[in-house]
Amino acid sequence: MTLRIDRVVTSGTFSLDGGTWDVDNNIWVVGDDSEAVIIDAAHDAAPILAAVDGRKVVAIVLTHAHNDHIGVAPELAEATGAPILLHPADEMLWEQTHSGVPHDDLSDGQVIEVGGESLEVINTPGHSPGSCVLWSPSAKVLFSGDTLFQGGPGATGRSFSSFDDIIASIRDRVLVLDDDTRVCTGHGDETTVGAEAGDLDEWIRRGN
């Protein structure tokens with residue numbers, strides 16, 4: 001069975017530490033023709049629900065809790081009846097946007113079944129303490145959130161982030177995957193593990 005992957009791009013703002021920036025976000029709707037997982041919940045529910053196109057939503061998985069990735073999670077949950085899953089280490093960020101709104105926990109090693117395929121949760125702290133990526137071993141696809149982009153790691157210059165942690169996460173948990181693993185990122189163009197693997201020393205030299 002082939003994993004169906006639909007990409008939705010929405011636009012809005014990211015706010016943290018008193019600053020606000022315009023951003024375009026990737027949302028990934030992953031599964032088959034009958035059910036799906038929504039990965040991230042950015043800015044505007046309508047185009048995300050259009051990509052779902054009436055399928056059963058198994059879960060709304062948040063790669064981390066920066067506001068640009070979680071803004072419409074409660075709206076999507078209400079529309080689909082699906083649980084919101086977030087790593088508890090990002091609870092303080094969740095509360096900044098959705099104070100008092102409940103969600104279920106995402107955990108390292110958790111496996112989410114959708115459309116006859118498995119998505120494995122890998123905790124990759126650094127961009128935020130609870131940042132996670134989702135890996136489909138059968139499809140060789142990694143949904144990297146803001147942990148890894150085309151050209152380098154996610155930003156670590158703001159509250160609750162750590163450059164040393166994100167480098168360790170990428171080195172020990174992402175770059176160990178096959179070079180031809182497709183990397184579907186939280187912003188911008190996708191890449192592959194192999195395309196990024198040779199640049200780790202340069203990232204460390206450059207710092208955050």
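1. Thr 185 counts as buried, because its relative accessibility is 0%. Buried means under 20% relative accessible area, exposed means over 50%, and partly exposed lies in between (1.4 Å probe, protein chains only).

2. A word on the source. This is a predicted model: local features need pLDDT of at least 70, side-chain atom pairs count only at pLDDT 80 or more, and totals for chains, interfaces and linings use all residues. Residues are numbered from 1 along each chain as its sequence is written, and side-chain values use heavy atoms, with hydrogens and water left out.

3. Thr 185 sits in strand E13 (residues 182-185). Strands (E, at least two residues) and helices (H or I, at least four) are DSSP runs, numbered from the N terminus.

4. The side chain of Thr 185 reaches two backbone oxygens: that of Gly 188 at 3.5 Å and that of Asp 189 at 3.3 Å.

5. Thr 185 also has contacts beyond four places in sequence, among them Asn 26, Trp 28, Ser 144 and Glu 190. Contact means heavy atoms within 4.5 Å.

6. Now strand E9 (residues 132-136). 4 of its 5 residues are buried, so E9 is largely enclosed by the rest of the structure.

7. Which strands pair with E9? Strand E8 (residues 117-123) runs antiparallel to E9, joined by 4 bridges. Strand E10 (residues 141-145) is also antiparallel to E9, with 3 bridges. Two strands pair if DSSP finds at least two bridges between them.

8. Look at single positions. Ile 122 stands opposite Val 133 in E9. Leu 134 has Phe 143 in E10 as its bridge partner.

9. E9 and E10 form a hairpin with 4 residues between them. In the turn, Lys 140 has a positive phi of about 55 degrees.

How values were computed
Polar contact = N/O pair within 3.5 Å; in protein donor to acceptor, adjacent residues only side chain to side chain.
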